[in-house]
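Please read it alongside the sequence and the coordinates.

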Amino acid sequence: MNSKTPLLRRALTAAGWIILGLLGLLDVFANGTPDHRWTSLLPMVSGPLACMALLWPARRPSVLVRAVLAAGGSLVFTAVIVTWAGPDIAGTFGALESVALLVLLSRAVWAVPGPRTAVAVSAALGVAVIVIPLRLLPADIQNDSQNALDGSLLMALGAGLALAWGLRARLMEERRARDIAAVRQRQRLELAHDLHDFVAHHVTGIIVQANAALALQHTAPEQVQPLLENITRSGSEALDSMRRLVRVMREDDHAGVRPGEVWAELARLVSAFSGDGEDARLHVAAAAREVRLAPEVETSVHRVVQEALTNVRRHAPGAVVAVRVDVDGHRLRVEAYNTAPAAPHSGPVGGRGGFGLVGLRERVEAVEGTLTAAPTDDGGWRVTAAFPVLTAVAGSPA
């Protein structure tokens, strides 16, 4: 992650707290009138309550509940002040409450689930914000002024801006959700293609061994049992692969990794990356070469390394890349690490706003693996994936 982003977020948070504090002080001084009616104290109470509804750190109550309570409370305060406030009170506007409700309005438009519910809650908050200046109505009637009307027009403009900002955020969130769903579906289609080919490979082997067993059952019956055991094992592996084909469709234009050639494919992949002027190294531990992997796991290993190298080329030109493959217990561990880019870059290596890692995680989890991707302390990026292994090859200790 870009190191400037947390600093900017903290600076904006501090600025927001300062603004809210100044608005709270403005309410205190504005309401410090000679008239000590209890209605003068309401804006000094409603402001902190509105801020509490806005900034409450817990997820419960939800934004929906807080927005409804804030809108209802503000409308009640407005009705009470308009009804019972004295005409000589001029400081009952409630600046802190107004700003807090505007921000809460924007958040409600974005975060309240369900379009109809969001519209209803946003309308209630909008009305509450627009009528806040009517608290000046008794003074306007006494002084023949129109501060309440002018304030309501100003609040209407603010409510419109808050609605527009919240609607923009909601549309962007919905678009991101659709993009993520599309990436995940594309990964499922690619995986379906690979699994189809691998299952066909298993079935072909089963047929060949079954024909051999039929041919040997009379001439060499002692060789039939090993063939039947191989058929059983191949059938089990094919069934494991078929289970992952549920609700997944085939895509026709994907070239996968052929079974048993994943290490050679990784070497070619890293070599091609280095041939483009980048510095990349591949280390495959001996223990990793000795384990057996499901065919769909092999193609997922290849895809993890491919996606990691693609992100480095796109977001960290000139970085040094190290790809390591080893066995950790009963899992195959694949790690792709790169140093910080040679020149400053505006985005993180993981691709801020992109969906490559989202689709990659979908693929890895589909074959019962795990994937993590995070920045490192030295400004680089590390992608780590863990995959299940079947068994070791004959004669290996794994």
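The model is predicted: local features need pLDDT of at least 70 and side-chain atom pairs pLDDT 80 or more, while totals for chains, interfaces and linings use all residues. Residues are numbered from 1 along each chain as its sequence is written, and side-chain values use heavy atoms, without hydrogens or water.

**Sheet**
- Five strands form an open sheet in the order β1-β2-β3-β5-β4, with mixed pairing; strands are DSSP runs of E with at least two residues, numbered from the N terminus.
- β1 (279-284) and β4 (370-375) are the edge strands, each pairing on one side only.
- From one strand to the next, the twist averages 10°.

**Neighbours of β5**
- Strand β3 (residues 331-338) pairs with β5 (residues 381-388) in the antiparallel sense over eight bridges, where pairing requires at least two DSSP bridges between two strands.
- Glu335 stands opposite Thr384 in β5.
- β4 and β5 also run antiparallel, joined by six bridges, and Thr370 stands opposite Ala386 in β5.
- The hairpin of β4 and β5 has five residues between the strands, and Gly379 in this hairpin takes a positive phi near 90°.

**Helices on the sheet**
- Helix α11 (residues 295-315) packs on the sheet and touches β2, β3 and β5, contact being heavy atoms within 4.5 Å.
- The direction of α11 makes about 175° with that of β5; axes are lines fitted to C-alpha atoms, for helices over the stretch in contact, and angles run from 0 to 180 degrees between N-to-C directions.
- Helix α9 (residues 262-275) lies across β1, β2 (320-328) and β3, at about 165° to β1; helices are DSSP runs of H or I with at least four residues.

**Surface patch**
- Leu41, Val45, Leu49, Met52 and Trp56 form a nonpolar surface patch with about 470 Å² of accessible area together, by the Shrake-Rupley method with a 1.4 Å probe.
- Patch residues have over 30% relative accessible area and no salt bridge, and nonpolar side chains (Val, Leu, Ile, Met, Phe, Trp, Tyr) are joined within 5 Å; a salt bridge is a side-chain nitrogen of Lys or Arg within 4 Å of a carboxyl oxygen of Asp or Glu.
- Leu49 lies in helix α2 (residues 42-55).

How values were computed:
Patch = residues over 30% accessible without salt bridge, like charges linked within 9 Å, V, L, I, M, F, W, Y side chains within 5 Å.
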